[in-house]
Amino acid sequence: MAEIAPVADKVTSYFYALLFVRHPDLRSLFPASMDTQRDRLLRALLTAAEHIDNTDVLVDYLQNLGRGHRKYGTRPEHYPAVGECLIGALSKYAAGVWNEEMEAAWVRTYTTISQIMIDAAAADELRAPAWWYAEVVTHELRTPDIAVVTVRPDQPYPFLAGQYTSVETPWWPRIWRHYSFASAPRSDGLLSFHVKAVPAGWVSNALVHRARPGDIIRLGPPAGSMTVDHTSDSGLLCLGGGTGIAPIKALVEDVAEHGERRPVEVFYGARTDHDLYDIDTMLRLQQAHPWLSVRAIIDQQAHQQLPDAVRAYGPWNEYDAYLSGPPGMIRSGVDALRDIGIPSDRIRHDSLEELVSAGN
């Protein structure tokens with residue numbers, strides 16, 4: 001890993017070149033433009049290899065990947081081709097340390113990785129579709145670049161508050177992006193997402209600026225373990241930055257629906273007042289539930305980041321922590337929470353893949 005890290009771009013390019021030259025039939029599984037896709041598959045493989053000794057984290061991560069890959073049309077017979085090209089790219093760019101023993105270790109690793117993913121996909125196929133169609137029913141622009149999009153899936157969509165899904169729009173086929181559910185499961189079956197249009201973001205800009213009621217999008221399966229343990233009576237310490245407030249709102253609704261009166265402390269972080277697009281909703285929830293406390297932390301006014309503000313309150317040793325927002329905020333938030341004594345196994349946040357993609 002140390003050998004290829006400085007040349008990761010070259011490894012990625014060579015990997016895809018091998019894959020598409022040797023197995024041209026696989027090209028159709030990928031988006032027409034590979035700009036955003038290029039490093040995802042390789043990064044996921046390397047992430048898995050890096051965590052090969054952490055069985056719980058690895059298996060959960062790979063099972064989610066295996067289930068999620070069904071929406072691309074991935075089949076068991078595709079895995080050996082990817083493994084062969086992975087080994088080819090690694091052996092070329094790690095030539096200084098590559099030998100028979102290392103190749104055997106990578107073959108074992110990849111065999112383990114692929115089998116977990118294949119098994120998870122096969123089990124999922126028995127109980128769920130590879131994707132769901134969903135019709136946009138409302139589209140509310142909260143700021144010039146943030147929309148609340150509510151959709152109706154074409155069949156029941158089971159998920160838990162705090163989870164996320166992947167979304168594909170009709171304008172950019174085979175390009176999927178992750179969005180958290182912005183509410184707990186509803187009796188009417190509708191799903192809501194908070195979407196911020198980011199520069200050059202194909203899916204986010206389409207959902208914010210092009211999507212209208214009546215449009216049909218596709219949803220992948222639900223994923224993520226940032227869910228509430230209802231067997232515990234610990235308090236919840238929730239940090240939501242920007243549109244990361246969406247799954248935090250879902251968690252609050254989930255606690256309320258279970259009739260629990262455990263304390264829930266929400267820190268809603270934003271750069272400016274303007275970015276607190278959902279503060280009215282959160283304050284209404286606070287009025288309705290005496291066990292809920294909501295604090296808005298505005299960087300430019302407080303001159304401190306969200307994790308710093310959390311340190312000023314507490315103590316938090318009786319709380320489970322939940323973080324959602326930009327990867328940098330999650331990384332600094334996890335560090336801050338560990339510093340004030342919350343053990344790692346009581347800190348939950350967005351997916352491992354998203355943190356890894358931010359260079360963690």
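Which helix holds both Y16 and F20, and how many residues apart are they? Both lie in helix α1 (residues 8–22), 4 residues apart, about one turn of the helix. The model is predicted: local features need pLDDT of at least 70, side-chain atom pairs count only at pLDDT 80 or more, and totals for chains, interfaces and linings use all residues. Residues are numbered from 1 along each chain as its sequence is written, and side-chain values use heavy atoms, with hydrogens and water left out.

**View 1. Y16 and F20 form a tilted aromatic pair.** The structure holds 15 aromatic pairs. In the pair of Y16 and F20, the ring centres are 5.7 Å apart and the planes make 35°. Rings of Phe, Tyr and Trp (its six-membered ring) pair if their centres lie within 6.5 Å; planes under 30 degrees apart count as stacked, over 60 as edge-to-face and the rest as tilted. Y16 and F20 are both buried. Buried means under 20% relative accessible area, exposed over 50%, and partly exposed in between (1.4 Å probe, protein chains only). Helices (H or I, at least four residues) and strands (E, at least two) are DSSP runs, numbered from the N terminus.

**View 2. Ring pairs link five named residues into a cluster: W132, Y157, F159, F181 and F193.**

**View 3. K92 sits over the rings of Y14 and Y93.** K92 lies 5.2 Å from the ring centre of Y14, over its face. For Y93, the charged end of K92 is 5.6 Å from the ring centre. A charge sits over a ring if NZ of Lys or CZ of Arg is within 6 Å of the ring centre and within 35 degrees of the ring normal.

**View 4. C85 and C238 are buried cysteines.** C85 has a relative accessible area of 0%. C238 is likewise at 0%. The count of disulfides is 0, where a disulfide is a pair of cysteine sulfur atoms within 2.5 Å.

**View 5. An open parallel sheet has the strand order β9-β8-β7-β10-β11.** It holds 5 strands. The edge strands are β9 (292–298) and β11 (347–349), and each pairs on one side only. Neighbouring strands are turned by 15° against each other on average, direction ignored. Two strands pair if DSSP finds at least two bridges between them. Strands β7 (residues 235–241) and β10 (residues 319–324) pair in the parallel sense over 6 bridges. G240 has S324 in β10 as its bridge partner. Helix α8 packs on this sheet, touching β8 (264–270) and β9, and its direction makes about 155° with that of β9. Axes are lines fitted to C-alpha atoms, for helices over the stretch in contact, and angles run from 0 to 180 degrees between N-to-C directions. Contact means heavy atoms within 4.5 Å.

**View 6. L283 is found in helix α8 (residues 279–288).** L283 is partly exposed, at 34% relative accessible area. L283 and R295 are 12 residues apart in sequence. In space their C-alpha atoms are 9.1 Å apart.

**View 7. An open antiparallel sheet has the strand order β4-β3-β6-β1-β2-β5.** It holds 6 strands. At the edges are β4 and β5, each pairing on one side only. The twist averages 40° from one strand to the next. Strand β2 (residues 146–153) pairs with β5 in the antiparallel sense over 6 bridges. V148 stands opposite H194 in β5. Helix α6 packs on the sheet, touching β1 (132–143), β2, β3, β4, β5 and β6 (216–219). The direction of α6 makes about 115° with that of β5.

**View 8. S180 lies in strand β4.** β4 is mostly covered, with 4 of its 5 residues buried. S180 is buried, at 16% relative accessible area. β3 and β4 pair in the antiparallel sense over 5 bridges, and Y164 stands opposite S180. Beyond its neighbours within four places in sequence, S180 is in contact with Q163, Y164, S192, F193, P247 and D350.

**View 9. R174 and A200 have positive phi.** Most residues other than glycine have a negative phi. R174 has phi near 70°. R174 is found in the loop between β3 (164–168) and β4 (176–180), and is partly exposed at 30% relative accessibility. A200 has phi near 60°. A200 lies in the loop between β5 (191–196) and α6 (202–210), and counts as exposed at 69%.
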